[in-house]
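The stops below are meant to be taken in order.

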Amino acid sequence: MFSADDHRYMSLALRLAGQGLYTTDPNPRVGCVIVDDGGIVGQGWHCAAGEAHAEVHALRLAGEKAKGATAYVTLEPCSHQGRTPPCADALIAAGIARVIVAMQDPNPMVAGQGLERLTTAGIDVAVGLMQQQAEMLNPGFISRYSRGRPYVRCKLAMSLDGRTAMASGESKWITSEDSRVDVQRLRARSSVIITGIGTVLADDPRMNARVDVDVKQPDRVVLDTNLRMPADAAMLLQEGLTWLANDSQDQSLRSDLEQAGARLLDVATHNGHINLSGVLNSLQDLDYNEVLVEAGPSLSGAFMQAGLIDELIVYMAPHLMGHGGNALLHLPDIEAMQDRIALQMTELKQVGDDLRLNYKLAVQTGAQTG
């Protein structure tokens, strides 16, 4: 169905879409290539929300050469009026003869309507070329519409013997500078970073993305049941929003923190702990796509035991920190072998002297043996 040239041009469209990895949120990352007579006449990608979509950039470059040409788009062209006009209409008006789309848009405002509009206009439409690669570009955007919550990554750093801090609590620095740079890129692609108030009180982190490219800084969520957040905390001075997920009725504290720049996110608690699903539901309502959990072993373990982590990213440093140090995750409900949480490695990469291990929850097909 698809030729070698089709694959080549869609590969380019996917690379172009990747140019918006750090900037398009909450919109998806999309690339477009327009080809006529075996040559590229236009190309583009979506750079930021509110700006022109990938198809519009490509059509502007193509000009009159778009008539009768083929457009390769990584995501179904939109069919509704948002902050910009419908891209499906722009492709039709330009006289595009064929459109090849990597994946259908999961947004119900589009969801096949863009493809139908193109087909009705007499354009030859094909869908599914390199779909898996397109989906990997936008896991959070897809998750919001297919599962009703953002895509959640959890980042942890540990020694070879699985420790995240010394017995004294000292933890700087477990991993190498290369790993810390890699973490900044993880932050840069995230919509929002979640941490706990314990981390804030201990380290006063900025929780921003320090990269040398254009980036839409991630917002932050601090799980802070009783609003212990200091009004002069470093993250309140950073670009982007800082949300405090809380269940406090102390109006004085609420007012003081709001005046300091914090946003309050009221979430129900259970046994004194913030409901984690409630947090993700709130983030879904706020149009956040990708969540990065950067927290201690208790909060990270709570997300894991609640089944809310889609991807676990562990940086492992080549040293030993001793049996008295903190464990990677606090998982109090695991007491027997049958309670183990099975993981599936999706990537193993050397980063400086460290290893980065990427895992997803394994699909359970039956009782474990061995």
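The tour goes from one selection to the next and says what is there at each.

This is a predicted model, in which local features need pLDDT of at least 70 and side-chain atom pairs count only at pLDDT 80 or more, whereas totals for chains, interfaces and linings use all residues. Residues are numbered from 1 along each chain as its sequence is written, and side-chain values use heavy atoms, with hydrogens and water left out.

**Helix 4**

Select residues 113-120, which form helix 4; helices (H or I, at least four residues) and strands (E, at least two) are DSSP runs, numbered from the N terminus. Here G114, L115 and L118 are buried, where buried means under 20% relative accessible area, exposed over 50%, and partly exposed in between, with a 1.4 Å probe and protein chains only. Looking down the axis of helix 4, you will find its buried residues within an arc of 100°, so they line one face of the helix; the arc is that of the directions from the helix axis to the C-beta atoms. On the other side of helix 4, E116 and T120 are exposed. Just after helix 4, G122 takes a positive phi of about 90°.

**Backbone turns in the loops**

M207 is in the loop between helix 8 and strand 9 (219-223), and it counts as buried at 4% relative accessibility. From M207, step to T199 in helix 8 (residues 197-203), which touches D204, P205, M207, A295 and G296 when residues up to four places away in sequence are not counted. T199 itself counts as buried, at 19% relative accessibility.

For a peptide bond of another kind, centre the view on D25 and P26: the bond from D25 to P26 is cis, with omega near 5°. The place of P26 is in the loop between helix 1 (4-17) and strand 1 (31-36).

**R163 and its surroundings**

Select R163, which lies in strand 7 (residues 163-165) and is buried, with a relative accessible area of 19%. Leaving aside residues up to four places away in sequence, R163 touches A157, M158, I174, M321, G322, H323, G325, N326 and A327. Among these, G322 has its backbone oxygen 3.4 Å from a polar atom of the R163 side chain, a polar contact being a pair of N or O atoms within 3.5 Å, of which, within protein, one must be able to donate a hydrogen and the other to accept it, and residues adjacent in sequence count only if both atoms are side-chain atoms.

A search of the whole structure finds 18 salt bridges, each being a side-chain nitrogen of Lys or Arg within 4 Å of a carboxyl oxygen of Asp or Glu. Start with E177 and R180, which form one with the closest N and O atoms 2.9 Å apart; being 3 residues apart in helix 7 (residues 177-189), E177 and R180 are separated by about one helical turn. Then select R356 and D182, whose side chains meet in a salt bridge of 2.8 Å, N to O. R356 lies in strand 18 and D182 in helix 7, so the pair ties together parts that are 174 residues apart in sequence. R356 counts as buried at 11% relative accessibility, and D182 is buried with a relative accessible area of 6%. R356 also forms a salt bridge with E347, the closest N and O atoms being 3.0 Å apart, and E347 counts as partly exposed at 33% relative accessibility.

Key:
Contact = heavy atoms within 4.5 Å.
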